[in-house]
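This report describes selected local features of one protein model. The sequence and the structure are shown first, and the description follows.

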Amino acid sequence: MPSLARINRPVVDVWKTSSRDSERISQRVLGQPMSITEIIDDRWCIATGDDNYTGYVERRFLTDGAVSPDAMICVPFASVRQSPERSAQLVVRLSIGSCVTRLENQGQWTQIGFPGGETGWVMTVQLTDSHGLNYTHAPQRAMSLFGTPYLWGGSSAYGIDCSGLTQLMYRLCGVILLRDAHLQRDDSRFDHITFDALEPGDLVFFGTPDKVTHVGMHHSPGKYIHSTGGSGVILSEWPEDMATISYIDARRMHPDAHVTLECETGSR
């Protein structure tokens, strides 16, 4: 088992312990990297993602990570076909954020490869290289997931939680965020901003100053987008009484900040 690996299934759960009966603490989607820190047994290992988040992953869902993908799926779901035509047999459906390698272009189609050696064809417009796109576009990208169900620990178009949504949308813009809401609020790459200075893409936090329980993104004047239990991904209006939603404060990435994290072993 290599120390650097990549997810080889469309969506893989990251668990709190080496049991599917434990808590799902996060998810990874196809092609995303994980650094294996400890082999537990024939089934399980402890691994850390590029967001420094560590948990238990089933080893069969990881494969050699030597090849670095150069593109990501940028639509909620992309149908990968055996040949460059809509009527071709379906190979797999990939969630937004999946990391793949471009192999060949043919008309409006691109052949892609992914961990495990499989290949297939997707519409070229369903891919992005995540370079040169400012994170201020993240809220508009998030609208493509409008109505996606809430899932604790979710990080894909199949289901997503609040910090999973902000992390995924920033990732599509080339920025790797930490995983949980309180970690995102404490990220040293971000500056505190006042409510009246909010701009699209700014992170907004809820709870109490001592305990952050929720995060969203400012979308447009008077609106923010977030994933909430019972509703999923929704666009909400700011109420006149901010206390009714337990608003704490907001953060904006510093213009001189490095957009990626050092890939080191982290902990929950």
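Trp238 is buried, because its relative accessible area of 12% falls under the 20% limit. The model in which this value was computed is a predicted one.

**Aromatic pairs**

Trp238 has a ring partner in Tyr224: the ring centres are 4.2 Å apart and the planes meet at 35 degrees, so the pair is tilted. Tyr224 belongs to strand E20 (residues 223-228), whereas Trp238 sits in the loop between E21 and E22; the pair thus links distant parts of the chain, 14 residues apart. Tyr224 is buried as well, with a relative accessible area of 4%. Both residues belong to one aromatic cluster, which is formed by Phe195, Phe206, Tyr224, Trp238 and Tyr247.

The count of aromatic pairs comes to 10. Another of these pairs joins Tyr135 and Tyr170, whose ring centres are 5.4 Å apart with planes at 25 degrees, so this pair is stacked. Tyr135 lies in the loop between strand E14 (127-128) and helix H1 (138-142), and Tyr170 lies in helix H2, so the pair ties together parts that are 35 residues apart in sequence. Both Tyr135 and Tyr170 are buried. In general, a pair of aromatic rings is described by the distance of the centres and the angle of the planes. The table sets out these values for the two pairs.

| Pair | Distance of ring centres | Angle of planes | Description |
|---|---|---|---|
| Tyr135 and Tyr170 | 5.4 Å | 25 degrees | stacked |
| Tyr224 and Trp238 | 4.2 Å | 35 degrees | tilted |

A ring also takes part in a contact of another kind: Arg93 lies over the face of Phe77, at 4.5 Å from the ring centre.

His214 is found in strand E19 (residues 211-220). Is His214 buried or exposed? With a relative accessible area of 15%, His214 is buried. Its side chain makes a polar contact of 2.8 Å with the side chain of His226. Apart from neighbours within four places in sequence, His214 is in contact with Cys162, Ala181, Val204, Phe205, Phe206, His226, Ser227 and Thr228. Of these contacts, Phe206 is also a member of the aromatic cluster described above.

The second largest pocket has a volume of about 230 Å³. It is lined by 15 residues, and the closest to its centre are Trp152, Cys162, Ser163, Asp180 and Ala181. H2, helix H3 (181-185) and E19 each give two or more residues to the lining. Which element gives the most to this lining? E19 does, with 3 residues.

Leu168 is found in helix H2 (residues 162-172). At 3% relative accessibility, Leu168 counts as buried. Leaving out residues up to four places away in sequence, Leu168 touches Ile96, Gly97, Leu145, Ser155 and Ile160. Leu168 and Ala138 are separated by 30 residues in sequence, and their C-alpha atoms are 9.0 Å apart in space.

The structure holds 2 cavities of 30 Å³ or more. The largest cavity contains about 70 Å³ of space. Its lining consists of Gln27, Arg28, Val29, Gln32, Ser155, Gly164, Gln167, Leu168 and Arg171.

**Residues with positive phi**

Most residues other than glycine have a negative phi. Asn52 has a positive value, near 65 degrees. Asn52 lies in the loop between strand E5 (44-49) and strand E6 (54-58). Ser246 likewise has a positive phi, of about 55 degrees, although it is not a glycine. Where does Ser246 lie? Ser246 lies in the loop between strand E21 (232-237) and strand E22 (247-253), the loop that also holds Trp238. Ser246 is partly exposed, with a relative accessible area of 34%, whereas Trp238 is buried at 12%.

Note on methods. Residues are numbered from 1 along each chain as its sequence is written. This is a predicted model: local features need pLDDT of at least 70, side-chain atom pairs count only at pLDDT 80 or more; totals for chains, interfaces and linings use all residues. Side-chain values use heavy atoms; hydrogens and water are left out. Helices (H or I, at least four residues) and strands (E, at least two) are DSSP runs, numbered from the N terminus. Buried means under 20% relative accessible area, exposed over 50%, partly exposed in between (1.4 Å probe, protein chains only). A polar contact is a pair of N or O atoms within 3.5 Å; within protein, one must be able to donate a hydrogen and the other to accept it, and residues adjacent in sequence count only if both atoms are side-chain atoms. Contact means heavy atoms within 4.5 Å. Rings of Phe, Tyr and Trp (its six-membered ring) pair if their centres lie within 6.5 Å; planes under 30 degrees apart count as stacked, over 60 as edge-to-face and the rest as tilted. A charge sits over a ring if NZ of Lys or CZ of Arg is within 6 Å of the ring centre and within 35 degrees of the ring normal. On a 1 Å grid over the protein atoms alone, a cavity is a set of points where a 1.4 Å probe fits but cannot get out, and a pocket is an open set with protein on both sides within 12 Å along at least five of seven lines; lining residues have an atom within 4 Å of a point. Grid points are joined across faces, edges and corners, and a volume is the space filled by probe spheres set on the points.
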